[in-house]
Amino acid sequence: MRRAAPWCVAAGAALLALLLLRAQGLPIAAALRALAQGAFGDANAWSATLRIAAPLLLAATGVLLCFRCGLWNIGAEGQLLFGGLAAAYAGGATGAGSMALLAGALAGAAGAALPAWLSARRGVPEVLSTLMLNGLALELLRWLVTGPLQEPTRQFPQSAPLPAGAWLPQLGLGSTGAVHLGLPLALVALLVVALFLARTRAGVALRAGATAPNLALAAGFPLARARILAFAAGGALAGLAGAVDVTGVARVVDRSLAQGLGYAAVAAALLAGLQARWLALSVLLFAALQSGTAQLQWVASLPGIDRFGLVLQGLAIAAVVVAVALRRRAPPRPGAEPPR
Amino acid sequence: MSVALAFVGVSRRFGARQAVDRVDLELHAGEIHALLGENGAGKTTLARMALGLVAPDAGRIEIAGRPTALRDPAAAAAHGIAMVHQHFALAEGLSVAENLLLADAPCCWSRRAFHARAEERLTRHGLALDPAAPVATLALGARQRLEIARALERATRVLLLDEPTAVLTPAESETLFAELDALRRRGLALALITHRLEDALRLADRITVLRDGRVAARARRGELDAAALTRAQFGAEGSAAIGGNALPAAAPGTPGPLRLVARGLAGATFGPLDLEVRAGERVVVTGVDGNGQGELLAVLHGLRPARAGTLAERSAARAFIPGERQRDGLALPLALAENLALGRGAPPGRFWSRRRLADHARARLERFDVRALSPWQTAAELSGGNQQKLVLARELAGAPELVLAENPTRGLDLAATAFVRAELCARAAAGAGVLVATTDLDEALALATRLFVIVRGRLAPVAATRAAVAARLAELAADRAAGGAR
Amino acid sequence: MSDALPDLAAQVARLALPLVLATASEVVAERAGVVNLALEGIVLAGALAAWMVAAGGGAGALGPALLAALLVGMVIALLLAALVVPARAHPLVAGMALHFACLGATALLFARHPALGSVTTFDQLASPWRHAPWIGAALLPFGLAALLGRTRFGLHLRAAGDHPAALRAAGGHPARVRVLALALAGALGGLAGATLTTVLSGTFVDGMSGGRGFLALALVLFARWRPLGALAAGLFVALLMTVELRLGADAARHGQGFAVFALRALPWVATITALALRRPDRSAAPGALNEPLD
C-alpha cells in the first residue's frame with residue numbers, strides 16, 4: 001500500500017492537470033492533440049521543441065550538478081543572462097562562435113563564483129545570494145541592450161546582430177532547420193556531468209559531502225574548495241546555455257533573453273528527481289510543454305494558455321516532492337535504530 | 001513508602017531490536033531510584049514510556065497503583081510526571097520566562113505581568129535568573145537549573161532526570177545533589193537515569209541495573225558495591241562466550257616501529273595526555289561515553305585541531321572508524337559501491353567503470369560479511385550492523401598502518417562482533433598500530449594488549465583484567481564522590 | 001532637487017508598503033521554522049486577485065479586493081503547509097513548485113482578462129479611508145510584535161521555529177502551529193500584493209511583483225526576524241528605491257544609461273553586500289529553520 005502511494009500521487013496530479021485544462025474551455029482530447037502537434041507534429045514543431053530543449057538541458061545539467069552536491073543554486077536564470085550577454089559581446093568583438101561560447105561559460109562561472117565564495121566564507125545562504133544576482137542580471141540586461149551593447153542604429157533595444165562567423169553551426173532539420181550544435185553539446189555536457197558524479201573520486205566525494213561532510217573531510221578530500229569549483233561549474237553550464245541560445249537561435253540579444261528558462265531548468269532538474277538518467281526526458285517534457293502550449297494558443301485562440309505550462313511545472317514538482325516524501329516514510333526495516 | 005509509578009512487565013521493540021524486555025520497576029515517593037546501564041540498555045526507552053512519548057508493546061504502567069495509559073506528554077503532565085532532559089528541552093532563542101511559562105502561558109499578557117509570574121516561579125525554585133535573559137546566554141549549570149525548574153512545574157509526582165551530571169562541573173553537581181535531596185524530602189519520586197556509578201552510589205535509595213533491555217541487578221542503598229555494579233552493567237556474568245575464539249595475544253619480541261606519538265595533547269574535552277602506539281599493538285581506551293574519547297580520536301586523525309601538544313609521529317596510511325556511524329561514517333543516500341569508493345579504500349585511478357566499482361565493492365562486501373542484495377543499494381537501506389560492517393570494509397581494506405576506531409562493534413551481533421575483533425587483531429599482527437576507544441568492557445578486555453581507562457579526558461593505565469578495571473573505576477568514583485582530587 | 005521633504009517621504013512610504021508587508025510575512029513564516037520561497041508568487045497572486053475584484057468596481061470594491069488578496073495568499077500558503085508539514089517535503093523545493101504554479105496561474109488568468117477597467121486606488125478616495133493602507137501598514141509591525149511576543153500563539157510559534165521538541169514537551173503542537181503561521185504569512189503576503197494594485201498603481205502588469213518577494217526573503221535577515229525590523233528594513237530599501245527613481249529619472253533624461261542601471265540594481269547589490277558584511281553568526285535565526293518535525 002505504501003509503495004503504491006507515489007503512483008497515486010502521480011495519477012492524482014495528472015488528473016488535476018487534465019481538469020485544469022478542461023476548465024480552460026477546451027475539450028481534453030482536442031487539447032492534448034494540439035499540444036502534441038505543437039511539440040512533435042512536424043519537423044518545424046520538433047525544431048521548436050529542440051530549440052528550447054538545448055539551452056534548457058545545459059542549464060538543468062548545471063543545476064543538477066549543484067543540487068547533487070548539496071548546493072542550492074537557483075541562480076541559473078541570472079547565470080544564463082550573464083552568459084548570453086558575454087557571448088553577444090565576445091561574438092561581436094571576435095566574430096568567432098567558439099569565443100562566444102567560451103565567454104558565456106566564463107561569465108556564468110563568475111556569476112556563480114560569488115555566491116559560492118559568500119556561502120563558504122561568509123555563511124551567506126546560496127538561495128538568497130543567487131536570487132539577488134538573478135535580479136541584478138535582469139537589470140544588467142536591460143541596461144546593456146539599451147546602452148553599450150545596443151545595435152548601431154540605436155532604434156531597437158537589442159544588441160547588434162551577431163556576425164555570421166559567430167553563429168552556431170546548424171544541423172539540418174526541417175525548413176527552418178533550427179537545430180543547432182547546442183543540442184549535441186548539451187547531451188555531451190549531461191554525459192560528462194553524469195559520469196563525473198557517478199564514476200570519479202571527486203564526484204562521489206562531493207555527493208557524500210552533501211549529507212556527510214565529516215566523512216569527506218575524514219577521507220582527506222578538500223571539500224570546501226571542491227564545492228566552490230562545483231558551484232562555478234554549474235554556473236558555467238548555465239552561462240553556456242545562455243551563449244547557446246544567443247549564438248544558435250536568436251543571433252541577437254534583446255529583453256526577451258532567458259525569460260524564465262533558468263527557473264525552468266531548476267524545475268526540470270527537480271522533476272527528474274535530480275537523476276541524470278531522467279534529466280533529458282524531463283527537459284524534453286518541459287520543452288514540449290512550452291512549444292506545445294504556444295501552438296495551443298495559436299490554434300485554440302486562448303490567450304495566455306502558454307503560461308499554463310508553468311502551472312503544470314509547479315504541479316509536476318509538487319507531485320514528485322510528495323511522492324518522494326511518502327516513500328521515505330515507509331515503515332523501518334528490521335534492525336533499524338530506535339527513534340530518538 | 002507508596003509507589004508513585006510502576007512499570008509492570010513492560011516490553012518494547014523497535015524493528016528487530018528488543019529495547020525493553022519484561023521489566024518490572026517501581027518508583028517510590030520520597031526516594032531516589034537510580035537506573036544504571038550502558039547506552040542501549042533500555043533506560044531512555046523506559047523514560048519515554050513514562051512521559052507518554054512511546055507506548056509499551058506489552059505490560060502496563062501503574063500510577064499510584066492504577067493502570068494508566070499515557071497517550072502523550074500532556075497526559076503524562078496531567079499525572080504529574082515530568083523529565084529533566086539530557087539535551088535540555090529549552091528553546092534557546094526564547095527567554096527564561098518564556099521557557100518557564102511555555103507549558104501554561106495565558107492567552108495574552110503584558111510584559112510586566114509575564115515577568116512577574118516568571119519571577120514568582122523562579123523564586124519558588126530558588127533561581128536567581130533574569131526572566132528576560134535569552135536562554136542562549138546562560139551557562140550550562142544555569143540552564144540545567146532552569147530545565148529542572150521547568151520540569152518541576154509539572155512534576156508533582158514523578159521527576160525523571162536523564163544523565164543530569166553529564167555536563168556539570170563537580171561544584172555544579174554538588175548543588176544539584178543538594179536540590180535532589182530537598183526534592184526527595186518533599187515526597188517526590190525521583191528517577192535518576194545515569195551510567196555514572198559514582199552518582200548512583202552517592203544519591204540512590206534504590207538502584208536498578210539494566211542491560212540489554214532487562215533488569216540485571218537490583219539493590220538498595222549499601223547492598224552492592226561499585227565493583228558488583230560495574231559487573232552487572234557490563235555483563236560479567238555469562239557474556240564470556242564470544243564465539244569461543246581466543247584472540248591472539250600481543251606479538252612478543254622486539255616492539256614494532258612507532259605509528260603514533262602524542263605529547264601533551266589536549267582538546268576541549270580531553271588532555272593533556274601522552275600516548276604512544278606501536279606497530280603490532282592493540283591499545284584500548286575504555287570508559288563511558290562523554291569522557292572525551294570522540295574528540296581525542298578526531299584530533300588524532302586530524303579532523304579537528306588540538307588545543308595544545310604535538311603529534312610527533314602519525315602514520316599517513318590511517319583508518320578512521322568514527323563513533324557516529326550514520327552521521328560521519330557513511331553517506332547514507334549513496335550506494336554501497338560508492339561509499340566504498342571514498343578515501344583510502346578507493347579503487348585506483350580517477351575514473352571508474354560501473355563494473356570496476358561493483359567488483360571492487362563485491363570483494364569487500366563479501367570479505368567483511370556485509371549482507372546486502374547488491375552493491376548498488378543505498379547505505380541507508382542496510383541494517384545498523386551491516387552499516388558498521390560497511391564502514392569497516394572501507395577503512396580496513398588496504399594495509400593501514402594505524403587504525404583509529406571508536407566503538408567499532410556497537411550494534412553488532414555476537415558473530416559480527418567476533419569477526420570485527422578478529423579483523424582488528426589481524427591488522428595489528430600485520431603491522432598496524434591499533435587504537436580503539438570503546439564503552440564495552442568485554443571488548444576492551446578481549447582486544448587490549450595495553451589498556452587505559454579514560455575519565456574526564458584523562459588516561460589512566462590499568463591492567464587488562466576485569467577485576468583491575470572494576471577496581472580502578474570504583475576507585476576513581478569513590479575519589480570523586482568524596483570530593484577528592486583527580 | 002530640493003522638493004519638499006514631505007514629498008520624498010510620501011514616495012518612500014509608497015514604495016515601502018509592499019516591502020514591509022512582504023518582509024513581515026516572511027518574518028512570521030521563518031519564526032515558525034519555514035522558509036517561504038513561494039512568497040514572490042503569493043505577492044503576484046495577491047496583486048492579481050485584488051485587481052480583478054477591484055477593477056471597475058469603484059471605491060466600494062476596495063475592501064473586498066483586499067479580502068480577496070488576503071484569502072488567495074492564505075490558500076497558497078496553506079498548500080505550502082500541506083506539502084511541508086504532513087508530506088514533509090523540503091520547504092525550498094515545495095516553495096519553488098508553488099512559485100512556478102503561481103507564476104503560471106496569474107499569467108494565465110491575466111491573459112484571459114486583460115482589460116477589466118480601472119481600479120479606484122486608495123489615493124483617489126475622498127473619504128478618510130484613503131489613509132487606511134498607511135495606518136494599517138504602520139500599525140501592523142507593532143501588532144505583529146505584540147502577537148509574537150505577548151500572546152500564547154506567538155510564543156508557541158516562536159518555540160516551534162526554535163525548538164519544536166521543547167514545545168512538544170510543554171504540551172504544544174508544533175505541526176499545527178506551523179500550519180497556522182503559514183496561513184498568517186500567506187495572508188500578509190497577499191496583502192502585500194494587493195497594495196501593488198490598489199495603492200501604488202491602478203492596474204495589473206505581468207510580473208508586477210518585480211522580485212519584491214525574493215527581496216523580502218533577504219530582508220528578513222536584516223530585520224533580525226523581528227516585525228519592527230521588517231518595518232525598518234522595508235523603509236530603508238524603499239529609500240534606496242526612491243533615490244534610484246529620482247536620480248534615475250534625471251539620468252535617463254540626460255541619457256546616462258549606466259547611472260540608471262546602477263540605481264536600479266541598487267536594491268540587489270545593496271542586499272548582497274549587506275549579506276556578505278553581516279557577521280557570520282546566525283544566532284538571531286530561528287533554531288529549527290527548515291527542519292522537519294518528527
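Because the model is predicted, local features are reported at pLDDT of at least 70 and side-chain atom pairs at pLDDT 80 or more, whereas totals for chains, interfaces and linings use all residues. Residues are numbered from 1 along each chain as its sequence is written, and chains are lettered from A and ligands numbered from 1 in the order in which they are written.

Chain B is divided into domain 1 (3-234), domain 2 (240-317 + 400-486) and domain 3 (336-398), with bounds that come from an automatic or database domain assignment. Between the C-alpha centres of domain 1 of chain B and domain 3 of chain B the separation is 42 Å.

Helices are DSSP runs (H or I, at least four residues), numbered from the N terminus. Helix α1 of chain C (residues 5-31) has 27 residues and should span 39 Å at 1.5 Å a residue, which agrees with the 36 Å between its end C-alpha atoms; the expected span is 1.5 Å times one less than the number of residues. A kink of about 40° is found in α1(C) at C:Ala16, shortly before the proline C:Pro18, the bend being the angle between axes fitted to the seven residues ending at a residue and the seven starting there. C:Gly33, with a positive phi near 105°, follows α1(C).

Helix α3 (residues 62-84) and helix α4 (residues 91-112) of chain C pack at about 145° with axes 9 Å apart. Axes are lines fitted to C-alpha atoms, for helices over the stretch in contact, and angles run from 0 to 180 degrees between N-to-C directions. The crossing of α3(C) and α4(C) is right-handed; a crossing is right-handed if the near helix is turned clockwise from the far one by less than a right angle, and left-handed if anticlockwise. Residues in this contact (C-beta atoms, placed from the backbone, within 7 Å) include C:Ile76 and C:Leu83 of α3(C) and C:Ala94 and C:Leu98 of α4(C). Nine are nonpolar, one is polar and none is charged, where Ala, Val, Leu, Ile, Met, Phe, Trp, Tyr, Cys and Pro count as nonpolar, Asp, Glu, Lys and Arg as charged, and the others, Gly among them, as polar.

The contact between chains C and A takes 38 residues from chain C and 37 residues from chain A. On the side of chain C, α4, α9 (212-222) and α11 (257-277) each give two or more residues, and α4(C) gives the most, with 16 residues. That side has 30 nonpolar, four polar and four charged residues.

The axes of α9(C) and α11(C) come within 10 Å and cross at roughly 35°, in a left-handed crossing.

Towards chain B, 18 residues of chain C are in contact with 19 residues of chain B.

Note on methods: Two residues are in contact if their C-beta atoms, placed from the backbone, lie within 7 Å.
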